[in-house]
Amino acid sequence: MRKRLRYSLGNRDLPFQAVLVCFGFVTFFPLVLVVITSLKSNTQFYHNFWLPELPFQLGNYSSAFRIIWRYIVNSVLYSGTTICLIAAIASVAGYVFARFRFPFKTVIFLAFITLIMVPGVLTLAPRFVLVRDLGMVNTPMALISVWVSGGLVLSTWLMRSYFESLPQELFDAAYVDGAAEWQVFTYVSVPLARPMIATVAMTTLIGTWNDLIWPLVTITDKSKMPLAQGLMQFSSAYETDWGTLFAGYVISSIPLLCVFAVAMRQFISGLTSGAVKA
Amino acid sequence: MFRSATRSSSYSLLHSRAPLPRRLWRAKWLYLALLVPVTLLLLFEWLPAFSALYNSLYIWNGGKVHIYVGLEHYERLLSDRTFRVALSNLVGFVIFRVVMQTVLPFFAAEMIINLRSARWSYWWKIIFVFPMVVPTILNYLIWRFIYNPQVGLLNEGLELLGLDAYTHAWLGDPLTAMWALSFVRFPWLPTLQFLIILGGLQTIPHEVHESASIDGAGFWRRLFYIDIPMTRRQITLAMILTMLFMTQRFDLFLVMTDGGPGYSTMVPALQLFQSAFSFLEFGYASAIGVVLFVGMLALTVINLRVSSGAAAG
C-alpha cells in the first residue's frame, strides 16, 4: 500500500535526489569559491572570504591570461600532436594485429601488452638519461616521443579488440567489391572505429594534459612549458595575489571544459556501456 | 595478397604450411606497418625498463660514474630509515585511498541507478564526471588553498562555525600532513573508477531488481545481496587501478609537501624522484623502482587471485 502511494506521488526518487544534491554541492563548492575569489582584489578577499563582492575585478583575468595563454597553446600543440600520432599508429597496429596472421605475431603483441605492467616510475630515471643523451631535453620532442610510446600500449590493445569485434562479412563485402587492403582500412575500418578512436584520443588527452613529472624533468625553458608545469610556476609567482591566481586557475580549466562539452556524451556512454570488464 | 584474416581459415592454413622465410617475406608490409610502434616501444619503454634493472646494480650518476656494486643498493634499502617510513606512509595512504575511491564512486553510482528519472540520472553522471576538466595540478593547488593556515577554506570554515580552536596548519604539522594529503580531491569522484562501477551496475538486468523488490527486498538488502556481488569484477578492477595509480603517482606529494615536514609525507616514488634528480643517485633510484615494480606486480596478482577465487567459491 505504502509503496503504491509513493509511486503514484512520483517522488520515490526524492531520498536519492537529496543525497545526490548534497554530494553535488560538496563537489562544486570549492570550484564556485575559486570563481568567486577570481573576481576579487586582495583587499576584498581578506575582507570578505565567502561572498562575491562588487566591483568585479575583471582585470585579474587579463593579467592572468597574459601569462597562462602560452602554456595553454603549448599544451594544445603537444597534446594535439601526441593524439594524432597515437590515433594513426595505434589504428594501423591494431588493424594489423586484429586482421592478419603472420610469423612472430604473438611475440610482437606481447612486446606491447606486457608493458602495461611496467610502471612509469620504474622507467623515469633511465628514460630521462636516454632522452638527454638523444639531445631532446628542453624540446617538445622529449614530451611527444615519450607520450606517444607510452600511450601506444593501451591504445593498440583497444584498437585491436575493436577491429576484432567487427564482423568478417563487412570485410568480405569490401574485398568482393575489389577494394585493396589499404582501401578496406581507410574507407571501411577506420570510419567504423571512430568511437574507439575517440576514446583513445580522450584518454590520451587527459593523460598528457595532466602529466606534470615528465615535463618537470625534461623542460626547463619557461616558454616551452606545458600547462601543468606552467601552472606550478604561475602559482609560485602569484602566491599571494589570490584574485589573479584564481583567475589563472579558471582560465586553465577552459580548454578541457570545451572538449568536455563536445565529447562528453560519447565518453560516458563508451565507458559505461559495460565495455570495461575486469 | 595477404587477405588471410584470422577467421578465414583456408588461407591461413595454406600460409602456415609455407616455409618460414616465404611467410616472412609475404608479411613484409605488415612488419613495415609495425616498424614505427615497435621501434618506439623498444627505445622508450623496453630500453629504460631494462636499464633500470641493470643499473640498480651500479652506482650511477646518470653520466660517466658507473661502478658495479652488486646488490648493495637493495641491502641499503633494507636499512634505509627514510625508505621504511616512506613505505609505511604509502601503505596507509593506499589503503585509505582504495577504500575512499571505491566506496564513494560506488555510493554515487548506486544513487544514480536508483533514480527512476532517466533524464536526471544522465545529468548526475555529467555532473560527477565534470571535475575531470579541472587539470590534476589545479586540484592540488586548490587543495593547497583549502589547507592554507592563514586564509584557507578549511580554517575559514571552522571559524565560521565558531570552531576556532580546531584551526590548524594542516600541511605543516607532521601529525596531520598525511591525513590532509589523503583527503585531497575528497568528494570528487575518480572518473575512471566511477564510470567502471557505474557501467557494472547498469548491466545488472532490470528483472533482477524487479524480482528482488517483489520479494520485498529493500534498498540495503538489494545493495548487499545483489548490487555488490554482481559488480564484484568492476569493483576489483577499480581497486586495482586505484592501487596502481596511487603507488606510482607522486605528483601530489611533490606539489603539496615535497615529503615534509620531516619525512612525514615521504613515499617511495618521491624518494626515487629525489634520489635521481636531487642527489643524482640513478642506481639507487633504479633499485627503488625495481622494488616498487615487484611489489605492485605481486599485489595485482594476489588481488586478482583473491577476487577470482572468491568468484569461484
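A residue is termed buried if 20 or more other C-beta atoms lie within 10 Å of its own, exposed if 12 or fewer do, and partly exposed in between, with C-beta atoms placed from the backbone. The model is predicted: local features need pLDDT of at least 70 and side-chain atom pairs count only at pLDDT 80 or more, while totals for chains, interfaces and linings use all residues. Residues are numbered from 1 along each chain as its sequence is written, and chains are lettered from A and ligands numbered from 1 in the order in which they are written.

Chain A contains 13 helices and zero strands, where helices (H or I, at least four residues) and strands (E, at least two) are DSSP runs numbered from the N terminus. Its radius of gyration, taken over C-alpha atoms, is 24 Å, whereas a compact globule of 278 residues would have a value near 19 Å; the globule rule is 2.2 Å times the number of residues to the power 0.38. Along the principal axes, the C-alpha atoms of chain A fill a box of roughly 75 × 75 × 35 Å. Of the 278 residues of chain A, 40% are buried. Two residues are in contact if their C-beta atoms, placed from the backbone, lie within 7 Å. Among contacts in chain A with a separation of 6 or more, 77% are between residues 24 or more positions apart.

Chain B has 16 helices and two strands. Of the 313 residues in chain B, 39% are buried. An automatic or database domain assignment divides chain B into domain 1 (24–74) and domain 2 (80–312). The contact between them takes 11 residues from domain 1 of chain B and eight residues from domain 2 of chain B. On the domain 1 side, helix H3 (28–55), strand S1 (58–60) and helix H4 (72–79) of chain B each supply at least two residues. The C-alpha centres of the two domains of chain B are 32 Å apart.

Between the chains, 73 residues of chain A are in contact with 82 residues of chain B. The chain A side of this contact comprises 52 nonpolar, 15 polar and six charged residues. Here Ala, Val, Leu, Ile, Met, Phe, Trp, Tyr, Cys and Pro count as nonpolar, Asp, Glu, Lys and Arg as charged, and the others, Gly among them, as polar.

A nonpolar core is a set of buried Ala, Val, Leu, Ile, Met, Phe, Trp, Tyr and Cys residues joined through C-beta atoms within 7 Å. The largest such core has 146 residues, of which A:Ile86, A:Leu231, B:Ile137, B:Ile197 and B:Val267 touch the most other members. Helix H4 (residues 59–99) of chain A gives this core its largest share, 15 residues. Leaving aside neighbours within four places in sequence, B:Ile137 is in contact with A:Asn210, A:Leu212, A:Ala228, A:Leu231, A:Met232 and B:Val255.

Most residues other than glycine have a negative phi. A:Phe104, although not a glycine, has a positive phi of about 70 degrees. This residue is in the loop between H4 and helix H5 (105–113) of chain A. A:Phe104 is partly exposed, because 14 other C-beta atoms lie within 10 Å. B:Arg185 is likewise not a glycine and has a positive phi of about 75 degrees. Its loop runs between helix H9 (174–182) and helix H10 (191–202) of chain B. With 20 other C-beta atoms within 10 Å, B:Arg185 is buried.
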